[in-house]
Amino acid sequence: MTGKLFDVPRRALAGLCALLALAGVIMLTAMADSTMQPLPASAPDGEFSAERALRHLERFATEPRPIGSRAGERARDYLAGQLRAAGLDVRVQRAIGANTSAGLASFGQVDNIVATAKGSDPTGTVVIAAHYDSAAMGPGASDDAAAVAAMLETVRALKGTALRNDLVLLMSDGEEDGVLGAEAFVREHPLGRKGGVLLNWEARGVSGPSLMFQTSRNNAGLVETFADAVPHPRGDSTLGELYRLLPNNTDFTPMAESGFTGMNFAYIEGSSRYHTADDSLAHLDRGSLQHHGSNMLALTRALGGADLETLAADHDLTYFRIFGTMVTYPNALVWPLAGLAAAAVAGLAVLARRRRLLSLPRLAVAAASGVVPLLLAAALAQGLWEVLVAWRPAYDGMGGLLHRPQAFQAAVVILAALALLCWYLPLRRRLGPAALAVGALAWPAALGLLCAQVAPGMSYVLTLPALFCALGGTAAILLRGAAPQVTAPQVTAPQMAVPQMAARHAAVFQVASVTLGAVVATALLPALARTAFDGMGLALGGVPALVLAVFGLTLLPIVELCLPEHRQSLVPLAAAGLAVLLVPIGLARDGFDPANPLRTHLAYVMDAGTRTASWVSADAEPPAWTRRYVSGHDTTPLPPGYARGTSLWTGRAPAAPGAAEPRVTVLGRDGDTVRLRVTAGRAARSVTLRVERPIAAATAAADGLTPVSVDVTGVRSNTWPGEIRFRGLPDTGAEISLRVPGTDRFRLTAVAETDGLQRVPGFVPRPKGVVAATREDGDLVAVTRTYEIGAR
């Protein structure tokens, strides 16, 4: 039994029509998921205007604003002044924020701007949050100045509106160095400890729609409000499930952990400019700013006037958009829908078996072998990335987020199709098209059941395609059985015309039923692959490739229609050739130029004791500008504990006169705990302490601020195992206590860090078309001193 689910005359034409219809679905979905058109300054007072918000950006978002910088202070003063002028009660919370990761304790002096407006009859507090600091490498016009400017324009648009609930605007500091401001807010500020409904706004690119990509648990009331209140809702519950798998966080993370309920928003397209000098006003998509602000204003009005107590829920909702409509349903339906999809696939298998289109052994082999195209597609996509990095090492420093990746993304699509064909064609004659088509649907159905258990909000993107494709296949088989068969030789030509016409109509309906069954898969899976491309880049190209391979499994009856009658082996050869051809096309198109710059890492390191200085680069293959400063891999001149990584490029450098130098004084020792006084000079913004032994705990204190203690687990990789950072170090320094278990003596290297390399003699700025890489120690003057911490 090696039959087809259905067969029709003019197969190629039918397959082409089906593919064109599904291509139209993909285009319609992409259009429905686009961002908004920006409104001019002449827009009505009660509406959000991107042009009005842009005027604020021009005042504070034209230069980098890292924590502790003078530019950060200027931005703080401007923003606080605008909020006061709008009539809000504004306070600046100065505190020490803290965060930890493996072997690392991060601290920072933060200045959070907290503005409040009392509600008329409050049932709770609505908190709008965004951070006003930026990464040190760029002005952060999108990340996160756009959201901060949107807050100011939202306050203006709300003028004269009496909100029922209390409103808090939190413009946090130190987010880029480990969500330090938000951590200090929830730990020390009364409003942070009070909790409320949080709307946090972010960006991981410079364009695209504002996506609601994360919620707190038990989000039913919040999602319903979002779906009803926002005029152009974007985002789905799949994003939240994927985000939990990534090693990222935002200000939303510590606030949600402390008890806030809420939603997190960001736009993520154009991510090659993220955390670089090109995150600037010139590259900011005004439509993305408009989308951010329109959503912010709508939700502030809705939540500001709602009874917030009614938002409490004991369950989550699955939510997604399809054809411009937001669909929501409680997660209690996830398992029934997943079970229904599995039952529909099983029913299709039973029907196909009864119609003698497949045998159960062949179906079992087909289903089991369906993992092959999934794994092969992911492997080919990851292999493509390795080829690209080997050919162009500068891609490695971009983390897969390329300027013009379209040709490479198309290659991933072709490679996913190639993986599918390399599995399908050899098994087609042995197992039959029907067995392969039905067995293939077992994978989205099974993965939907798996997601129902481990990631319920993501189950729909697999369950619904499996369900509707199974129903479409079932309808095609039933229609095939309903088609009249004309075989009697005595039937005249006119008598044969009627059943032949009915057969042709049945064939049309068969193709239509399979095509309609694939519409849901076509609307959901390619859109998910596109989001994965935008959010993860080609370095994790195996993820969108896997999604595309699942999509391909749902299309096998249509693939069968499109295959030529003869020389079918030429199809995968053509796909492979096209994928190979796309690589040089992509490399030629994605060359670096002033509009799409190359990233390079460079730092200056000087030992304050010996006055020995070096240039350091972590580039895999430094470009010509960087090679002015580095020439080899000799790390022996670097101070103890400074080197991080095993393949650093280095070069001799002149001593920098007048550079800020660190000073460490031992104040006392109590068992394993050493208390230090650390200063770094007025020009230095930060200090880092690297310890040659693992640390178990650290405490930071500064004049007039509450000390903060954190536990530390694990060790740093490729450097000394313990590290403590203090960003935004006060001019008077800080008191640092660290616990180093199991040792009497250890070395500690203190690093005073000053932004910019202009102070170094002989430094020549980067040319156009070259920008600083995103590594945290880039473009820093790092002056070190190494200390021997003695026995107690």
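Me: Which residues make the nonpolar surface patch of about 300 Å²?
Reply: In this predicted model, the patch is made by L13, L16 and L20.

Me: Where is L13 placed?
Reply: L13 lies in helix α1, which covers residues 11-32.

Me: And is L13 buried, partly exposed or exposed?
Reply: L13 counts as partly exposed, because its relative accessibility is 48% and that class lies between 20% and 50%.

Me: Now the inside. Which residues touch the most other members of the largest nonpolar core?
Reply: They are F6, L388, Y395, W423, V461 and L538, in a core of 103 residues. Helix α14 (residues 406-431) gives the largest share of this core, with 15 residues.

Me: What does F6 touch, leaving out residues up to four places away in sequence?
Reply: F6 touches A476, R480, Q510, V511, V514, P557 and L561.

Me: How many residues are in the second, separate core?
Reply: That core has 61 residues, including A150, L199, L222 and L303.

Me: Changing topic: where is R725, and is R725 buried or exposed?
Reply: R725 is in strand β19, residues 722-727. R725 counts as buried because its relative accessibility is 13%, and the cut-off for buried is under 20%.

Me: Which side chain makes a polar contact with the side chain of R725?
Reply: The side chain of E776 does, at 3.4 Å. Beyond its neighbours within four places in sequence, R725 is also in contact with other residues, among them L104, F107, R644 and V687.

Definitions and conventions:
Residues numbered from 1 in each chain as written. Predicted model: local features only at pLDDT ≥ 70, side-chain atom pairs only at ≥ 80, totals over all residues. Heavy atoms only, no water. Helix = DSSP H or I, 4+ residues; strand = E, 2+ residues; numbered from the N terminus. Buried < 20%, exposed > 50% of the residue type's maximum accessible area, 1.4 Å probe, protein only. Contact = heavy atoms within 4.5 Å. Polar contact = N/O pair within 3.5 Å; in protein donor to acceptor, adjacent residues only side chain to side chain. Patch = residues over 30% accessible without salt bridge, like charges linked within 9 Å, V, L, I, M, F, W, Y side chains within 5 Å. Areas by Shrake-Rupley, 256 points an atom, 1.4 Å probe, with all protein chains shown as cover. Salt bridge = Lys/Arg side-chain N within 4 Å of Asp/Glu carboxyl O. Core = buried A, V, L, I, M, F, W, Y, C linked by side-chain atoms within 4.5 Å.
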